[in-house]
Amino acid sequence: MNEIKILTKSKLDKIKNNPESSGLAYELYGKSKNILDYTDKEISEMAFGIYLHKKTLLVDGDYFICLNDVIKIECELYDVSYIQKPTLETWKDNSCNAISNIRTFYIKDYFLITNNNKDPNFNRHKITRYLTRIGFLRHGRGKFRGYFSISNDYKTIQNGLFPKDLYHPIKRYINGLFFYDDYKISDFEVISSIKFIAH
């Protein structure tokens, strides 16, 4: 289980004293219709859009989805920065994209993909704001302004397919948090023109 930061006492008191104006959907997706039945931890989770009782998450378009319906997760990778700057030769053989040479990943968005037979055009749900609000994604700077950064700490390719660090927020804040299983949703795709080399 991964912990979400607890709101300050003043914010918690404001929610408890005026639950009807808090914006929380605990009556719909929580365990009780009485805000006083929730711990500070549970109220904090709901403030971030997390409703563990019904495995429901508030996504970026300000609507809720049930995580039991998620069949795949996508990460749109915009660019990377390098430890050793690419040369013409390393561009040609793609050795500049060895996972050990990547300093930082710059993300455009993360999406949860659901199986929606009723409306197949409504099955891609952005969660970039969620991952930013809980403190996992950081805003890029300089030429990467408008994107989000993740450090390449693991320097490892997972399953021979994608950088382990890009799957980490899904492992912790989707799978681990909602399902107590780090690999519950394991169909993960990085959408990028960059082809990483696993060394």
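**The cavity and its lining**

Analyst: Helix α5 (residues 128–133) contributes three residues to the lining of the largest cavity, the most of any element. Helices (H or I, at least four residues) and strands (E, at least two) are DSSP runs, numbered from the N terminus. This is a predicted model, in which local features need pLDDT of at least 70 and side-chain atom pairs pLDDT 80 or more, while totals for chains, interfaces and linings use all residues. Residues are numbered from 1 along each chain as its sequence is written, and side-chain values use heavy atoms, without hydrogens and water.

User: Which residues line the largest cavity?

Analyst: A cavity is a set of points on a 1 Å grid over the protein atoms alone where a 1.4 Å probe fits but cannot get out, and lining residues have an atom within 4 Å of a point. Here the lining consists of F48, G49, L58, V59, D60, R129, Y130 and R133. By class, four of these are nonpolar, one is polar and three are charged; Tyr counts as nonpolar and Gly as polar, whereas Asp and Arg count as charged. The volume of the largest cavity is about 40 Å³, that is, the space filled by probe spheres set on points joined across faces, edges and corners. The count is one cavity of 30 Å³ or more.

User: In what order do the strands of the open sheet of three strands lie?

Analyst: Strands of a sheet pair through backbone hydrogen bonds, either parallel or antiparallel. In this model the order is β1-β2-β3, with antiparallel pairing. β1 (50–51) and β3 (64–66) are the edge strands, each with a single partner, so one side of each has no neighbour in the sheet. Two strands pair if DSSP finds at least two bridges between them; β2 (residues 56–58) and β3 are joined by three. Within that pairing, L57 has I65 of β3 as its bridge partner.

User: Is S81 buried or exposed?

Analyst: Buried means under 20% relative accessible area, exposed over 50%, and partly exposed in between (1.4 Å probe, protein chains only). S81, in strand β4 (residues 70–82), is buried because its relative accessible area is 15%. Setting aside residues up to four places away in sequence, S81 touches N101, I102, R103, T104 and Y106, where contact means heavy atoms within 4.5 Å.

User: What is the phi of K155, and what is that of Y180?

Analyst: Most residues other than glycine have a negative phi. K155, although not a glycine, has a positive phi of about 50 degrees, and the phi of Y180 is positive, near 55 degrees. K155 lies in the loop between β8 (148–151) and β9 (157–158) and is partly exposed, at 36% relative accessible area. Y180 lies in the loop between α6 (164–179) and β11 (188–191) and counts as exposed, at 60%.

Methods: 1 Å grid on protein atoms, 1.4 Å probe; cavity = no way out; pocket = protein on both sides within 12 Å on 5 of 7 lines; lining within 4 Å.
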